[in-house]
Amino acid sequence: MGETLTIATVNNGDMIRMQGLTDDFSEKTGHEVEWVTLEENVLRQRVTTDISTKGGAFDIMTIGMYETPIWGANGWLVPLDDLSEEYDVGDILPAMAGGLSHDGTLYAAPFYGESSMIMYRTDLMEKAGLEMPDAPTWDFIREAAAAMTDRDADINGICLRGKAGWGEGGAFITAMSNSFGARWFDMDWNAQFDTQPWKDTLEFFVGMMNESGPAGYATNGFNENLSLFQQGKCGMWIDATVAASFVTNPNESEVADSVGFALAPDNGLGKRSNWLWAWALAIPAGTQKEAAAKEFIEWATSKDYIALVAENEGWANVPPGARTSLYENPNYMEVPFAKMTLDSILTADPNNSTVEPSPYVGVQFAAIPEFAGIATEVSQEFSAVYAGQQTVDEALAKAQDITNEAMEAAGYR
């Protein structure tokens with residue numbers, strides 16, 4: 001007798017594509033699937049509330065590298081330590097498996113893995129008389145953005161996330177700050193927003209976006225910037241490597257034939273501003289449908305699923321960044337962004353993400369339970385700067401107080 005599984009997921013293109021292929025799973029197993037598809041900030045809120053209150057609304061949740069080790073340690077997730085031999089857990093990229101494990105046990109299987117990189121318009125770069133290096137600096141990016149901006153033609157030199165949310169604009173500015181020598185905490189868990197590197201980061205970001213970014217960038221997240229880029233309104237976009245298949249898809253992107261790729265920028269301090277993330281599938285402890293849920297996870301994150309997407313949508317559209325074998329597949333290595341995606345993933349180090357030593361694991365987040373709440377508030381202060389409602393100094397002073405008070409209340413300092 002088949003089960004009906006309720007799955008919470010994010011409204012990103014790869015997940016929507018998976019929903020269109022779910023009949024394959026139902027035909028093979030007899031199980032039906034009900035999808036709850038939510039915007040990123042809403043998804044995080046809903047699944048966190050559900051799992052922490054043992055709400056039981058979902059049999060499978062789409063979560064990431066931040067939640068997985070914390071929830072696994074709390075006993076909130078079913079360990080994925082008995083997946084079939086055919087599934088081949090050893091094929092999962094070590095960076096992904098490591099970030100989705102606690103004490104060596106896998107608690108979520110990566111649907112796709114990502115870092116971040118630069119996607120840029122080769123035609124506009126040429127028109128500006130510039131050449132994108134494989135590994136550019138932030139100064140070059142700002143110069144190129146200004147040169148590519150054409151307000152009359154509605155072309156912004158650069159589109160970046162300003163939207164509040166720890167995993168939205170918060171993730172971007174944190175990854176960027178690493179390359180400026182900033183960190184969230186010193187080794188004693190004191191907030192570091194009163195330091196020069198954070199001031200440098202925000203002032204550079206705001207200056208560049210005011211010069212060359214879209215109007216209203218304070219409310220733009222991943223999906224908003226993707227839409228702008230696909231409509232030909234961005235010279236450059238630095239964001240998730242997973243976006244590469246959408247911006248190069250001629251059915252979805254007006255600029256598909258003129259997109260180039262480069263590593264996320266640095267400042268010569270030894271850290272690039274690329275993050276590391278996986279959207280992964282996990283099973284909340286206490287579900288009555290554990291066996292069927294594991295069958296779904298094996299189906300959706302398998303080599304066979306990758307082959308299914310390749311057959312239906314072409315190799316460029318398979319979920320990237322999760323399996324070693326994908327990057328050994330000659331068909332996939334012909335995809336123009338495959339190598340840059342892998343290079344970006346391999347250069348992100350969650351155990352060593354900052355110039356000065358820091359006490360936390362994570363590139364664009366600190367893997368402690370309190371971080372999501374603190375960083376959501378801090379990102380709201382930053383977005384208020386982007387919207388012109390307060391100064392950089394005011395936002396950083398508030399961020400310092402918010403963070404230190406929360407860390408004191410939690411007993412870190």
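**Salt bridges, a helix and a charged patch**

Okay, let's start inside: Arg161 and Glu168 are both buried, where buried means under 20% relative accessible area, exposed over 50%, and partly exposed in between, with a 1.4 Å probe and protein chains only. They also pair up in a salt bridge, with their closest N and O atoms 3.8 Å apart. By salt bridge I mean a side-chain nitrogen of Lys or Arg within 4 Å of a carboxyl oxygen of Asp or Glu.

Quick note before I go on: this is a predicted model, so local features need pLDDT of at least 70 and side-chain atom pairs count only at pLDDT 80 or more, while totals for chains, interfaces and linings use all residues. Residues are numbered from 1 along each chain as its sequence is written, and side-chain values use heavy atoms, with hydrogens and water left out.

Helices here are DSSP runs of H or I with at least four residues, strands are E runs of at least two, and both are numbered from the N terminus. Asp91 and Arg323 are both buried, too.

Next, Lys398 and Glu381 form a salt bridge, their closest N and O atoms being 3.8 Å apart. Lys398 is in helix α17 (residues 392–409) and Glu381 in helix α16, 17 residues apart. Lys398 counts as partly exposed because its relative accessibility is 37%, whereas Glu381 is buried because its relative accessible area is 18%.

While we're on α16: this helix runs over residues 371–386, 16 residues in total, and reaches 22 Å from its first C-alpha to its last, close to the 22 Å expected. That expected span is 1.5 Å times one less than the number of residues. Is α16 mostly covered or mostly open? Mostly covered, with twelve of its 16 residues buried, including Phe371, Ile374, Val378 and Tyr386.

Last stop, the surface. Asp23, Glu27, Glu32 and Glu34 form a negative patch. For a charged patch, residues need over 30% relative accessible area and no salt bridge, and like charges are joined within 9 Å. Glu34 is found in strand β2, and it counts as partly exposed because its relative accessibility is 47%.

How values were computed
Patch = residues over 30% accessible without salt bridge, like charges linked within 9 Å, V, L, I, M, F, W, Y side chains within 5 Å. Areas by Shrake-Rupley, 256 points an atom, 1.4 Å probe, with all protein chains shown as cover. Lys, Arg positive; Asp, Glu negative; His and termini not counted. Charge placed at Lys NZ, Arg CZ, Asp CG, Glu CD.
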